Amino acid sequence: MIYDVMKFFKKLDNKDIRILTGIEVGMKHYKWVPLEELVKYTRIPSDELYYKLVKLVKEGVVIGTRTPYEGYQIYFNGYDTLALNTLVKRGSISAIGDEIGYGKESVVHEGMKEPELAIEEPTNVVIKFHREGISSFKSVKRIRNHLVDREHYSWVYASRLSAQREYEALTKLYPEVSVPKPIDQNRNAVVMLFAKGSELTKTKLLDPDWFFDEIMKQIKNAYSLGIIHADLSEYNIFVHPEGVELIDWPQYIRPDHPHIDELLRRDVSNVLTFFNRKYKVDKNLDDIIDNIKNGNHSNR
Ligand SMILES: Nc1ncnc2c1ncn2[C@@H]1O[C@H](COP(=O)(O)OP(=O)(O)OP(=O)(O)O)[C@@H](O)[C@H]1O
Ligand SMILES: [Mg+2]
């Protein structure tokens, strides 16, 4: 589905982007943005606007209704398109390619970024589109109470907040902690470099004790910067011959979080359980937690 959006993205013109932006802005007030509002916002004559809207609906980036009045809304396809448009304009990406991964709450694509100097090579980047839907509305509502009567817009807030939080964590952590280098963020999209190496779950480690200690070092370094992952497991860890990289940070917490001890413990315990089951690594959980909380900052 998203791949079609990418193909379509190449065919979009400035007026299409104006229409999508108009719907995005209108959705702060309307579940279905009325056609007249779009005429006002885009200043595109209504005949042409209507023709373009039909095309956008056909391509799946806009959704239309005729009842109780003629109105339009966007969902993730349209929102991704707006994010891509901004990221391309800023020079943070120049191309988007295949899907390389997905999670419960994201779709991840590879992409390219042009170099700052013409003599350099383009960089391969990762574009992560956050997908937080109505189900995560409740947690956002607690943070932002004014959302109560804008349920139709909640996925926008939730997915944007999630992308902002991930980008924030990465910029605070990089380069002291081994995480993908952050490049940019807009709306629900985060651009970052590829994590080095391969996924821990898909790799056979010859020296599991060493890798386990490397992961603990990174957890400790993040902790010393006031950041706890809070969703760490073997699935969010990459390994390479010189070390490890931790990914997937939108749900990170700060030391003043009421459940910090419990969540730090869960992070470490998830990793320990994996290493114990697969590689028979045997360590004491309490000692590790003590070391993370009280020891000195470790070198990478
Ligand atoms: N920087 C990166 N480099 C390489 N691959 C990545 C990167 N970021 C994400 N991926 C790939 O995309 C997948 C999903 O990314 P991530 O774990 O960040 O998303 P998620 O939706 O939060 O996942 P979860 O299901 O754990 O909540 C990863 O498992 C990984 O395969
Ligand atoms: Mg993940």
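Let me start with a definition: helices here are DSSP runs of H or I with at least four residues, strands are runs of E with at least two, and both are numbered from the N terminus. Counted that way, the protein has 10 helices and 11 strands.

Before we go on, please keep in mind that this is a predicted model: local features need pLDDT of at least 70, side-chain atom pairs count only at pLDDT 80 or more, and totals for chains, interfaces and linings use all residues. Residues are numbered from 1 along each chain as its sequence is written, while chains are lettered from A and ligands numbered from 1 in the order in which they are written.

Now the overall picture. Along its principal axes, the C-alpha trace spans about 70 × 50 × 30 Å. I will call a residue buried if 20 or more other C-beta atoms lie within 10 Å of its own, exposed if there are 12 or fewer, and partly exposed in between, with C-beta atoms placed from the backbone. Of the 300 residues, 36% count as buried. Two residues are in contact when their C-beta atoms, again placed from the backbone, lie within 7 Å. Among contacts between residues at least 6 apart in sequence, 59% join residues at least 24 apart.

How is the protein divided? There is domain 1 (2-74), domain 2 (78-193) and domain 3 (198-294), with bounds that come from an automatic or database domain assignment. Where domains 1 and 2 meet, 16 residues of domain 1 are in contact with 12 residues of domain 2. On the domain 1 side, the elements that give two or more residues are helix 1 (2-9) and helix 2 (14-26). By class, that side has 12 nonpolar, one polar and three charged residues. In this count Ala, Val, Leu, Ile, Met, Phe, Trp, Tyr, Cys and Pro are nonpolar, Asp, Glu, Lys and Arg are charged, and the others, Gly among them, are polar.

Let's look inside. In soluble globular proteins, nonpolar side chains tend to be buried together. A nonpolar core, for us, is a set of buried Ala, Val, Leu, Ile, Met, Phe, Trp, Tyr and Cys residues joined through C-beta atoms within 7 Å. The largest one here has 68 residues, and those with the most contacts inside it are Ile23, Ala189, Val191 and Ile215. Helix 7 (residues 154-173) gives this core its largest share, eight residues. As for Ile215, leaving aside neighbours within four places in sequence, this residue is in contact with Ile237, Val244 and Val271.

Val271 takes us to helix 9, where it is one of the buried residues, together with Leu264, Asp267, Val268, Phe274 and Phe275. What covers them includes helix 8 (208-224) and helix 10 (285-294). On the other side of helix 9, Asp261, Glu262 and Arg277 are exposed. The helix itself runs over residues 260-279 and reaches 28 Å from its first C-alpha to its last, close to the 28 Å expected, where the expected span is 1.5 Å times one less than the number of residues.

Just after helix 9 comes Lys280, with a positive phi of about 60 degrees, although this residue is not a glycine. Lys280 sits in the loop between helix 9 and helix 10, and with 9 C-beta neighbours inside 10 Å it counts as exposed. Ala230 also has a positive phi, about 75 degrees, without being a glycine. Its place is the loop between helix 8 and strand 10 (237-240), and it is partly exposed, with 18 other C-beta atoms within 10 Å.

Next, the cis peptide bonds. One runs from Thr67 to Pro68, with omega near 0 degrees, and Pro68 is in the loop between strand 2 (63-65) and strand 3 (71-73). Another joins Tyr174 and Pro175, with omega about 5 degrees; Pro175 lies in the loop between helix 7 and strand 7 (182-186).

One last stop: is Trp32 buried or exposed? Trp32 is buried, with 21 other C-beta atoms within 10 Å, and it is found in the loop between helix 2 and strand 1 (33-34). Not counting residues up to four places away in sequence, Trp32 touches Thr65, Gly71, Tyr72 and Gln73.
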